[in-house]
Amino acid sequence: MDKLALLPLIGAIYLLTRGMDAKEAFLVYFLPILTLIPAYYDTKLISGIPEFTFWSSALIPIAFVWVVNEKLEGYKFSWIDVIVILHVVFIFYAQFEATGYKDAQKIAFREILKRVVPFFMLKAIIANPKQRIKALMTITVLGAIVSFFMLYEFRFYNNLLDSIIRKLWPTWVPWDGTMSRYGFKRAAGSFAHPISAGYFFAMTAPIAFWLWKQELFKDNRIGLIVFGLNVFGVITSISRAPIAGLMLGAVIIWFGWSRTKSLSGTFLAITAIIGLSFMVPKFVEYVSVKRSHAQTQDQENAAYRKEMLDNYIEIIGEKPAWGWGRYTFPIVKGQKSIDNEYLFIAITSGLNNLAIYLVLIGVVLVRLLRFAFSHSYDSPQGRLAWVLIAAWISAIFTQATVYSGMQTTHYFFMIAAISEALVLTRGHTFLLESNPIINTQKENDFEYNFSRTL
């Protein structure tokens with residue numbers, strides 16, 4: 001029954017042989033499978049090759065056709081591409097150093113499909129005026145669908161996106177625990193963990209907000225519902241870091257969309273200084289207790305993360321350059337769960353790769369900020385840039401408390417792709433052929449400026 005994971009492979013081949021181009025198949029076929037079906041179900045086809053999941057089965061034919069038949073149609077080179085590729089090369093070499101080629105090639109295959117292919121394909125899609133808004137809508141609508149099921153899970157303790165497949169699966173599958181807070185289930189939906197679900201929605205909710213405010217859905221009430229459901233996706237996960245990341249994103253959008261940024265920035269700076277002066281000492285005191293002396297589950301979780309950082313710094317120091325490998329690093333004091341993406345990268349593939357990852361984060365952020373400040377506060381392109389900055393910073397913040405695995409890795413690199421495509425196109429006609437009202441306005445502005453110049 002586990003061979004069900006191969007069905008998307010057949011479906012993808014059918015769509016592609018019926019005339020659908022690879023980029024269209026990526027949007028309407030791969031993204032739904034990636035987002036709606038849990039990524040931790042896999043099957044072994046032949047010994048010696050990587051396991052197949054539902055999402056990888058769908059993506060392999062699509063990527064093959066885009067590269068071989070369509071010759072990377074729509075792709076435009078930028079230096080960020082090199083950083084993304086280097087990141088995966090370093091993951092491969094770190095595993096090769098740790099356990100040899102057999103494990104390294106399997107991990108490289110998987111990471112190429114998780115990081116490189118989604119980044120390159122969505123970057124090419126977003127660069128196309130006819131597909132860019134459709135891509136953003138697809139991502140947020142899929143998030144809304146997952147969130148709808150999470151609302152049911154949140155109240156009735158039944159994850160419909162997981163339980164049906166789990167009953168069919170012939171082998172044991174992880175991620176089946178039930179976590180609750182305040183009398184409600186921490187909803188995970190199609191994601192491996194509630195915090196991963198919250199992390200996903202902290203990235204998608206700002207984009208859904210922009211689509212709603214730009215009135216890009218045929219009925220703007222649909223846009224409001226999609227945005228609301230993406231916000232509820234964060235809330236029903238009951239995960240503090242994604243909720244805080246979403247709130248931080250909201251502040252960034254408020255600042256970026258304000259007419260008077262100097263006044264807004266001054267207000268935020270004063271508020272942050274006052275707030276941090278009270279919050280930091282309390283936080284340090286809160287996490288400084290040992291897990292054995294924690295008074296609440298939340299305090300125990302916070303203490304766990306602090307102890308984890310303290311314990312694994314020495315482990316990183318023993319193999320700083322290339323790390324210990326993905327599955328072979330020593331477990332310290334039973335702390336198997338590395339709830340910090342930056343720490344996880346340093347442990348498994350070394351400080352060299354962590355530096356590359358941080359460079360990627362910094363370059364994307366700097367390029368987005370330069371683009372955002374070069375546009376007026378009320379331009380659709382500039383506002384989209386601020387929304388992407390909010391999503392990106394939410395992700396950066398949340399990754400300090402969670403391992404970025406499963407679908408969140410794909411989406412993190414896809415947010416980077418959307419950001420880079422926006423910068424590469426310089427925002428010119430970014431909404432062209434997507435919103436007739438904006439198109440007309442652009443034409444009127446052009447005619448007015450041309451007449452006044454004459």
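## Aromatic pairs, core and helices of a predicted model

The protein contains 31 aromatic pairs, where rings of Phe, Tyr and Trp (its six-membered ring) pair if their centres lie within 6.5 Å. One of them joins Phe77 and Trp79, with 5.3 Å centre to centre and 75° between the planes, which makes the pair edge-to-face; planes over 60 degrees apart are given this name, planes under 30 degrees apart count as stacked, and the rest are tilted. Phe77 is partly exposed because its relative accessibility is 43%, whereas Trp79, at 67%, is exposed. In these terms, buried means under 20% relative accessible area, exposed means over 50%, and partly exposed lies in between (1.4 Å probe, protein chains only). Ring pairs also link Phe90, Phe92, Tyr93, Phe96, Tyr101 and Trp322 into a cluster.

The model is predicted: local features need pLDDT of at least 70, side-chain atom pairs count only at pLDDT 80 or more, and totals for chains, interfaces and linings use all residues. Residues are numbered from 1 along each chain as its sequence is written, and side-chain values use heavy atoms, with hydrogens and water left out.

Some rings have a charged group over them. A charge sits over a ring if NZ of Lys or CZ of Arg is within 6 Å of the ring centre and within 35 degrees of the ring normal.

| Charged residue | Ring | Distance from ring centre |
|---|---|---|
| Arg155 | Phe156 | 5.4 Å |
| Lys213 | Trp212 | 4.5 Å |

The secondary structure comes to 16 helices and four strands; these are DSSP runs numbered from the N terminus, helices being H or I with at least four residues and strands E with at least two. Of the 454 residues, 52% count as buried. Contact means heavy atoms within 4.5 Å, and among contacts between residues at least 6 apart in sequence, 75% join residues at least 24 apart.

The largest nonpolar core has 126 residues, and those with the most contacts inside it are Phe26, Leu31, Ile62 and Leu122. Helix 13 (residues 341-373) gives the most to this core, with 16 residues. Such a core is a set of buried Ala, Val, Leu, Ile, Met, Phe, Trp, Tyr and Cys residues joined through side-chain atoms within 4.5 Å. Not counting residues up to four places away in sequence, Leu31 touches Phe26, Thr138, Ile139, Leu142, Tyr411 and Met414.

Phe26 is also among the contacts of Leu59, together with Phe30, Leu113 and Val117, when neighbours within four places in sequence are left aside. Leu59 belongs to helix 3 (residues 54-69) and counts as buried because its relative accessibility is 0%.

Helix 14 (residues 380-398) is mostly covered, with 16 of its 19 residues buried. Its expected span, 1.5 Å times one less than its number of residues, is 27 Å, and this agrees with the 27 Å between its end C-alpha atoms.

Most residues other than glycine have a negative phi. Leu72, however, has a positive phi of about 55°. Leu72 is found in the loop between helix 3 and helix 4 (79-99) and is partly exposed, at 32% relative accessibility. Tyr182 likewise has a positive phi, near 55°. Tyr182 lies in the loop between strand 3 (180-181) and strand 4 (184-185) and is exposed, with a relative accessible area of 63%.
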